[in-house]
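Hi everyone, thanks for coming. I'd like to walk you through one protein model today, so please have a look at the screen.

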Amino acid sequence: MALIKPKNPKIKGLNEVGRYAIGVQWTDGHDSIYPLDNLRRRCPCDACMGAVEGEIPAASRRLERLSRLGDNAMFLGWIDGHETIYTTRQLRDICRCAYCVAEPERPITGG
Ligand SMILES: [Zn+2]
Ligand SMILES: [Zn+2]
């Protein structure tokens, strides 16, 4: 059997989930929920480099703006003035839903 390679899912919908998370709906039917704390900690900008250490202040975990940048990226504007842009690929990489966690994209090596 050939491996099922993920195509290139795009963002279909974006919404805030309560005050501490956002939801992303994908064109391939996937649904992701990202805690804001996690999104800030993994901010891929040059300053954060995807690994913010230590405690994240409250103002750095609250959103002022949330928007889509076309189909392939998401913009987050934080209350402390920081700005984060995630590409769809980066977002899918950090999805921690049951489906993504249970099925890591590993090639099956034949023995
Ligand atoms: Zn950053
Ligand atoms: Zn997922």
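A word on the ground rules. This is a predicted model, so local features need pLDDT of at least 70, side-chain atom pairs count only at pLDDT 80 or more, and totals for chains, interfaces and linings use all residues. Residues are numbered from 1 along each chain as its sequence is written, while chains are lettered from A and ligands numbered from 1 in the order in which they are written.

What does the secondary structure of the protein chain come to? There are three helices and six strands; helices here are DSSP runs of H or I with at least four residues, strands are runs of E with at least two, and both are numbered from the N terminus. Reading from the N terminus, the order of elements is β-β-β-α-β-β-β-α-α. Of the 111 residues, 13% count as buried. By buried I mean that 20 or more other C-beta atoms lie within 10 Å of the residue's own; exposed means 12 or fewer, partly exposed is in between, and the C-beta atoms are placed from the backbone.

Let's take the sheet with β1 in it. This is an open sheet of three strands in the order β1-β2-β3, with antiparallel pairing; two strands pair if DSSP finds at least two bridges between them. As a reminder, strands of a sheet pair through backbone hydrogen bonds, either parallel or antiparallel. At the edges sit β1 (11-17) and β3 (31-35), each pairing on one side only. From one strand to the next, the twist averages 20 degrees, using axes that are lines fitted to C-alpha atoms (for helices, over the stretch in contact) and angles from 0 to 180 degrees between N-to-C directions.

Six antiparallel bridges link β1 and β2, and Ile-11 has Trp-26 as its bridge partner in β2. The two strands form a hairpin with three residues between them, and Gly-18 in the turn has a positive phi of about 60 degrees. Next along, β2 (residues 21-26) pairs with β3 over five bridges, again in the antiparallel sense.

While we are in the loop between β2 and β3, find Asp-28. Is Asp-28 buried or exposed? Asp-28 counts as exposed because it has 12 C-beta neighbours inside 10 Å. Not counting residues up to four places away in sequence, Asp-28 touches Lys-7 and Pro-9; contact means that the C-beta atoms of two residues, placed from the backbone, lie within 7 Å.

Now for the sheet with β4 in it. This one is also open, with three strands ordered β4-β5-β6 and antiparallel pairing. The edge strands are β4 (63-69) and β6 (83-87), each of which pairs on one side only. Here the twist averages 15 degrees from one strand to the next.

Between β4 and β5 there are six bridges, with Arg-65 standing opposite Gly-77. Their hairpin has three residues between the strands, and Gly-70 takes a positive phi near 65 degrees. On to β5 (residues 73-78) and β6, which are joined by five bridges, one of them setting Phe-75 opposite Ile-85. Gly-77 turns up again here, with Glu-83 as its bridge partner in β6. Four residues lie between β5 and β6 in their hairpin, where Gly-81 in the turn has a positive phi of about 100 degrees.

The largest nonpolar core has 10 residues: Ile-11, Val-24, Tyr-34, Leu-36, Leu-39, Met-74, Leu-76, Trp-78, Tyr-86 and Leu-91. A nonpolar core is a set of buried Ala, Val, Leu, Ile, Met, Phe, Trp, Tyr and Cys residues joined through C-beta atoms within 7 Å. Elements giving two or more residues are α1 (36-41) and β5, and β5 gives the most, with three. Leaving aside neighbours within four places in sequence, Met-74 is in contact with Ile-11, Leu-14, Arg-68, Leu-69, Tyr-86 and Leu-91.
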